[in-house]
Amino acid sequence: MVDNTVRAAQAAVVESLRRQFSSSGQVPDAGLPIPVLRSWARCQRLGLDMGERVRPPSTTRGDLMVARERSAALLAHASGVMEHLHEQIRSSGSMVLLADASGMILHGIGDPAFVDRASRVVLQAGANWSECERGTNAIGASLIERAPVEVLGAEHYLDCNGVLTCSAAPIFDWRGELLGALDISGDHRSHQPHTLGLARMGVRLVERRLFESEHARHALLSFHPRPEGVGCLQEGLLAIDPDGEIVAADRQARALLGVDERRVAGLGNFSNLFRGGFGTLIGRAARDPAALVELELRSGARVHVRVRVSPAWQAGAQAAPASAARVVATPDPSRSARGRVTLEALSTGDPALQFALDRCARIVGRNIPILIQGESGSGKELLARACHNSGPRADGPFVAVNCAAIPENLIESELFGYVGGAFTGARKEGAVGRIQQAHGGTLFLDEIGDMPLAMQARLLRVLQERCVQPVGAGSAVPVDIALLCATHRQLGEQVKAGRFREDLYYRVNGLSVQLPPLRARSDLQRIVRRLLDGSSHHPAPTGVEAAPETMAILAAYPWPGNIRQLQNVLEVALALLDEGETRILPLHLPEEVLQAAGEASPYSTASHSVPPRSGSLHSVSSLSPLPLSEREARPARLADDPDLLPLRRARALDDDAIRAAIARFDGNLSAAARHLGVARNTLYRRMGRPF
Ligand SMILES: Nc1ncnc2c1ncn2[C@@H]1O[C@H](COP(=O)(O)OP(=O)(O)OP(=O)(O)O)[C@@H](O)[C@H]1O
């Protein structure tokens with residue numbers, strides 16, 4: 001924190017400059033940061049009165065809604081970043097604000113005490129903080145200066161705003177269009193020197209997210225002159241289409257390449273900029289997405305590069321030049337020959353899952369809505385995609401909307417769209433809503449249980465009338481969609497609690513399928529194999545597998561985050577493997593997974609790799625499968641019943657794991673059973689011995 005004496009001296013200088021300015025009418029030419037001096041001059045030209053009282057907002061709630069709709073993408077991508085920034089400065093008596101390009105505050109979060117104080121000078125959502133409305137302030141000045149600006153205490157033009165200290169940085173899209181500003185404001189006595197840096201970092205994150213989401217269908221190439229710069233905020237990002245054309249470059253990339261936004265189109269093909277083939281680079285990325293490749297620019301400079309290729313790009317790359325298309329076709333058993341996941345390909349032998357897949361297969365293509373229920377990360381969206389790809393609409397669009405991720409007031413325009421000029425500031429060409437985008441294909445409403453009640457009524461009308469009426473349109477547009485919905489909530493319970501309309505419930509619930517949680521599935525081994533083979537974004541190098549003792553631990557873990565969590569655990573384990581190592585051992589697993597399985601910490605796992613000593617082995621050559629009654633037990637109930645936990649563990653044990661455990665404990669079956677996390681009787685049964 002800046003020393004109090006220094007701060008008091010600075011405040012005294014500013015106060016004396018203010019007095020001189022108001023008596024002489026001459027804007028000082030020094031003593032304050034240049035952007036602040038320029039802003040004072042602009043405010044003077046606007047005829048603002050320094051002593052004016054706090055102006056109430058000149059905008060209405062409706063104006064705020066319109067502004068939020070207009071900046072929906074910005075708001076969606078900035079909200080998470082704002083939460084993150086707020087976490088960093090929590091309890092420092094400050095708040096994080098997002099304004100649009102006109103200075104209208106769209107959203108703000110902060111410490112309650114300061115939020116309350118800020119509202120007294122209307123520093124709040126719905127108020128406009130452009131310079132002409134509020135005089136010199138960080139939001140307004142950064143939008144005009146198109147650069148980060150800090151305005152401390154009495155540097156604010158209006159006396160009433162002198163209680164604030166504000167640091168703001170402007171947000172641009174990759175074309176250089178100004179989208180808004182991110183601001184961190186606090187009490188004038190508590191200025192922190194790093195606050196402007198935090199705001200700039202936040203802006204960089206928002207700009208990246210906007211870039212990545214706009215170019216989700218392109219290959220994203222991150223680069224930096226230094227290897228450690230790749231993966232950091234300093235890296236440059238290029239979006240490249242399957243033909244190798246560079247379609248966009250973010251701000252950082254332009255700075256590194258020394259081009260301005262108008263010249264991005266001139267970058268042309270990958271091969272104009274880099275030496276080396278695009279197809280070869282994509283091929284390497286498909287084999288090893290984490291790989292850093294050193295490339296030479298045509299200018300002679302060298303850069304380090306990493307390429308990410310989304311599934312959407314891969315699907316689109318079918319039509320790409322032969323070289324690129326061939327190399328991205330990584331074998332993936334969960335995908336069909338067309339590179340898309342299908343119901344058939346999802347089958348991995350679990351009876352509860354198979355039941356769900358069979359039911360979906362019978363219904364798909366019959367215009368009956370399917371409601372997929374299951375815990376988070378259990379594969380609901382993947383199942384929805386598989387339904388779409390397995391039916392007659394496979395070549396139509398699949399449009400996924402996460403109802404829980406869209407702010408309540410934006411759902412309407414997002415789902416229904418609007419016509420040009422529907423409201424002040426609406427885009428000239430209007431916007432097509434997600435329902436219409438799904439015409440001829442499938443609309444997937446994820447987390448439908450979180451849809452606000454008012455929107456449920458409108459959705460119900462669409463489903464009944466099969467027409468959408470965009471906001472501001474005089475007439476409705478017919479739509480032909482198949483509907484799939486998913487929720488992690490028990491929708492029936494939501495209806496009982498009055499949070500979900502009963503009539504809509506029956507509309508979306510033509511067929512209800514329940515996805516089993518991972519802990520209740522009996523196909524863990526095959527899922528692990530599949531994830532390692534590359535259904536995830538980071539396929540393992542060929543030949544990598546989980547060791548039997550690792551499988552036993554994975555089988556004992558309850559997987560609250562389901563397949564998504566397993567995917568993450570395996571990705572981390574792969575990253576921990578040494579060069580050439582092909583077995584994932586317990587020591588590569590996270591502590592919480594080991595602990596849940598009652599395993600020792602990775603630091604004492606040397607004995608895991610002890611090979612079985614054949615001389616001390618019991619006869620385990622004829623390990624029998626589990627009795628039928630156990631195999632047929634309903635997995636969902638297995639999961640719920642703690643008494644049956646050992647049985648669940650036993651399912652995933654393979655013969656090697658049992659042999660290794662028995663060898664490790666010199667034939668002591670009780671110790672081996674304890675180690676494997678199964679009952680001794682189960683071990684006897686698996687060995688085909690009486691007990
Ligand atoms: N059978 C499977 N094989 C391979 N990967 C899978 C499988 N099922 C799910 N996954 C992967 O697990 C992750 C989570 O899946 P998905 O997003 O479909 O879950 P979800 O239930 O919709 O999650 P949420 O409720 O949080 O949205 C995804 O990365 C998906 O690709």
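Analyst: Two strands are said to pair if DSSP finds at least two bridges between them. Strands (E, at least two residues) and helices (H or I, at least four residues) are DSSP runs, numbered from the N terminus. The model is a predicted one, in which local features need pLDDT of at least 70 and side-chain atom pairs count only at pLDDT 80 or more, while totals for chains, interfaces and linings use all residues. Residues are numbered from 1 along each chain as its sequence is written.

User: What makes E6 and strand E10 a pair?

Analyst: Five bridges join E6 to strand E10 (residues 302-308), and the two run antiparallel. Pairing requires at least two bridges, so the term applies. Within this pair, Phe223 has Val305 of E10 as its bridge partner. E6 also pairs with strand E7 (residues 236-240), again in the antiparallel sense, over five bridges; there Ala219 stands opposite Ile240.

User: Why is strand E6 called largely enclosed?

Analyst: A residue is buried if 20 or more other C-beta atoms lie within 10 Å of its own, exposed if 12 or fewer, and partly exposed in between, with C-beta atoms placed from the backbone. Six of the six residues of E6 (residues 219-224) are buried, so the strand is largely enclosed by the rest of the structure. Both faces are covered: Ala219, Leu221 and Phe223 are buried on one side, and Leu220, Ser222 and His224 on the other.

User: Why are strands E12 and E19 said to stand at the edges?

Analyst: They belong to an open sheet of five strands with parallel pairing, in the order E12-E15-E18-E11-E19. Strand E12 (398-402) and strand E19 (511-514) each have a single partner strand, so one side of each is left without a neighbour in the sheet. Further in, strand E11 (residues 370-373) and strand E18 (residues 482-487) pair in the parallel sense over four bridges, and Gln373 stands opposite Thr487 in E18.

User: What makes the set around Ala99, Ala168, Leu182 and Ala249 a nonpolar core?

Analyst: A nonpolar core is a set of buried Ala, Val, Leu, Ile, Met, Phe, Trp, Tyr and Cys residues joined through C-beta atoms within 7 Å. The largest such set has 80 residues, and Ala99, Ala168, Leu182 and Ala249 have the most contacts inside it. At least three of its residues come from each of domain 1 (36-201) and domain 2 (215-328), bounds that come from an automatic or database domain assignment. A second, separate core of 47 residues includes Val468, Ile481, Leu515 and Ala520.
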